[in-house]
Amino acid sequence: MNLLKDYGQELISKYNLIDKRFIYYYDFELSIDNIIIFCEEKINRKINKYEIINKEFQDNQSLKYHIDDCQLVKINSEPEYNQDKFIHIKDNHYLFINNKYNKIPLYTFIFYESSYNIDFTGGLLVLSDDSIIYPKKNMCVLLDGLEVHKVMPVINGKRKSTIVKMYGW
């Protein structure tokens with residue numbers, strides 16, 4: 001089995017992540033102002049630390065299991081520097097937090113701009129408990145920042161989304 005998938009299942013149990021998953025629908029233009037207003041309403045907080053990324057997948061592009069802004073690394077001994085940027089997974093495997101905030105996002109919003117089986121095939125969002133999200137245009141998925149997930153390869157067409165990672169208020 002996959003090390004990060006297993007770790008994701010542990011996190012689901014430990015932090016009750018299933019209850020922190022939400023699917024919404026939106027009917028506005030994806031401008032920065034509209035996105036931030038929508039996100040603030042959904043989490044009921046003002047946001048001042050965030051990153052917005054436009055993503056497009058095509059031609060067999062995919063993402064392996066991951067936690068946003070983290071790289072899986074294998075090291076022979078405990079980290080000696082930047083220890084706050086490493087999360088121990090198992091044995092000599094660690095997640096290395098790699099962003100300007102030096103922390104895992106608190107929340108990730110995925111705003112879909114294309115639809116599965118209309119604009120693209122493949123490209124499903126898969127969570128570590130094998131839950132599958134079938135993207136639809138104007139759908140927004142809210143995940144806890146600890147949620148381990150992957151994107152299956154896009155077989156044909158273009159899978160478009162806007163990702164919003166929230167780091168603080």
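**Surface, fold and salt bridges of a predicted model**

Reader: What share of the protein's accessible surface belongs to carbon and sulfur atoms?
Author: The accessible surface comes to about 9500 Å², with areas taken by the Shrake-Rupley method with a 1.4 Å probe; for residues, only the protein chains shown count as cover. The model is predicted, and local features need pLDDT of at least 70 while side-chain atom pairs count only at pLDDT 80 or more, although totals for chains, interfaces and linings use all residues. Residues are numbered from 1 along each chain as its sequence is written, and side-chain values use heavy atoms, leaving out hydrogens and water. Of the accessible surface, the share belonging to carbon and sulfur atoms is 45%.

Reader: How many helices and strands make up the secondary structure of the protein?
Author: Helices (H or I, at least four residues) and strands (E, at least two) are DSSP runs, numbered from the N terminus. Counted in this way, the secondary structure comes to two helices and 14 strands.

Reader: What is the radius of gyration of the protein?
Author: This radius is taken over C-alpha atoms, and the globule rule is 2.2 Å times the number of residues to the power 0.38. For 169 residues the rule gives 15 Å, and the protein's own value is close to this, so the protein is as compact as a globular protein of that length. The radius of gyration is 16 Å.

Reader: What percentage of the residues count as buried?
Author: Buried means under 20% relative accessible area, exposed over 50%, and partly exposed in between (1.4 Å probe, protein chains only). Of the 169 residues, the buried part is 43%.

Reader: How many salt bridges does a search of the whole structure find?
Author: Side chains of opposite charge can pair when their charged atoms come close. A salt bridge is a side-chain nitrogen of Lys or Arg within 4 Å of a carboxyl oxygen of Asp or Glu. The number found is seven.

Reader: Which residue forms a salt bridge with D130?
Author: The closest N and O atoms of this pair are 2.7 Å apart. The partners are 125 residues apart: D130 lies in the loop between strand 9 (125–127) and strand 10 (132–133), and its partner in helix 1 (residues 3–15).

Reader: Is D144, the salt-bridge partner of K20, buried or exposed?
Author: The bridge between D144 and K20 spans 3.8 Å from N to O. It links strand 11 (residues 139–144), which holds D144, to the loop between helix 1 and strand 1 (22–25), which holds K20, across 124 residues. K20 is partly exposed at 34% relative accessibility. D144 has a relative accessibility of 12%, so it counts as buried.
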